[in-house]
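Please prepare a short briefing on this structure for someone who has not seen it before. Group the points by topic, and give the cut-offs behind the terms.

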Amino acid sequence: MGLGGCIILIAVGAILTFATDWDMQGVNLDLVGVILMIVGLIGVTTFSSIARRRRVLVPPASTTVIEEDRHHRHGDG
C-alpha cells in the first residue's frame, strides 16, 4: 500500500466518523472510522520512514579513465 492508499484510508475513516450519522445494527461506524484513520496514519509514518531511508545519497564511486595512445607505423610488416 502506497502513500495514496494511506491517505484514502484516513479520508474514508474521517468521513465515517465525522460526516455520517448512519446506524447499522451490530456495527459501530464511528469506531470503524477511527480504526481506518489510525491504520492510515501508521501507513503514512511507515511509508515516510522507508522513503527517508531510500533518499540517503551515496557519492558515486570515482572511475578512472585510461586513454591509450597507440602509434601505428606505416610500412612495418
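Helix α2 has 26 residues and reaches 37 Å from its first C-alpha to its last, close to the 38 Å expected at 1.5 Å a residue, where the expected span is 1.5 Å times one less than the number of residues. This is a predicted model, in which local features need pLDDT of at least 70 and side-chain atom pairs count only at pLDDT 80 or more, while totals for chains, interfaces and linings use all residues. Residues are numbered from 1 along each chain as its sequence is written, and side-chain values use heavy atoms, with hydrogens and water left out.

**Helix α2**
- The buried residues of α2 are L29, G33, M37, G40, G43 and A51, where buried means under 20% relative accessible area, exposed over 50%, and partly exposed in between, computed with a 1.4 Å probe on protein chains only.
- These buried residues of α2 pack against α1, a contact being heavy atoms within 4.5 Å.

**Helix α1**
- The 17 residues of helix α1 (residues 3-19) should span 24 Å at 1.5 Å a residue, and its end C-alpha atoms are 23 Å apart, which agrees.
- C6, G13, L16 and T17 are the buried residues of α1.
- Seen down the axis of α1, its buried residues fall within an arc of 95°, so they line one face of the helix; the arc is that of the directions from the helix axis to the C-beta atoms.
- What covers the buried residues of α1 includes α2 (29-54), whereas I8, F18 and A19 are exposed on the other side of α1.

**The loop between the helices**
- T20 is found in the loop between α1 and α2, and T20 is buried, with a relative accessible area of 18%.
- A polar atom of the T20 side chain lies 2.8 Å from the backbone oxygen of L16.

**The protein chain as a whole**
- The secondary structure comes to two helices and zero strands, taken as DSSP runs numbered from the N terminus, with helices (H or I) of at least four residues and strands (E) of at least two.
- Buried residues make up 14% of the 77 residues in the protein chain.

How values were computed. Polar contact = N/O pair within 3.5 Å; in protein donor to acceptor, adjacent residues only side chain to side chain.
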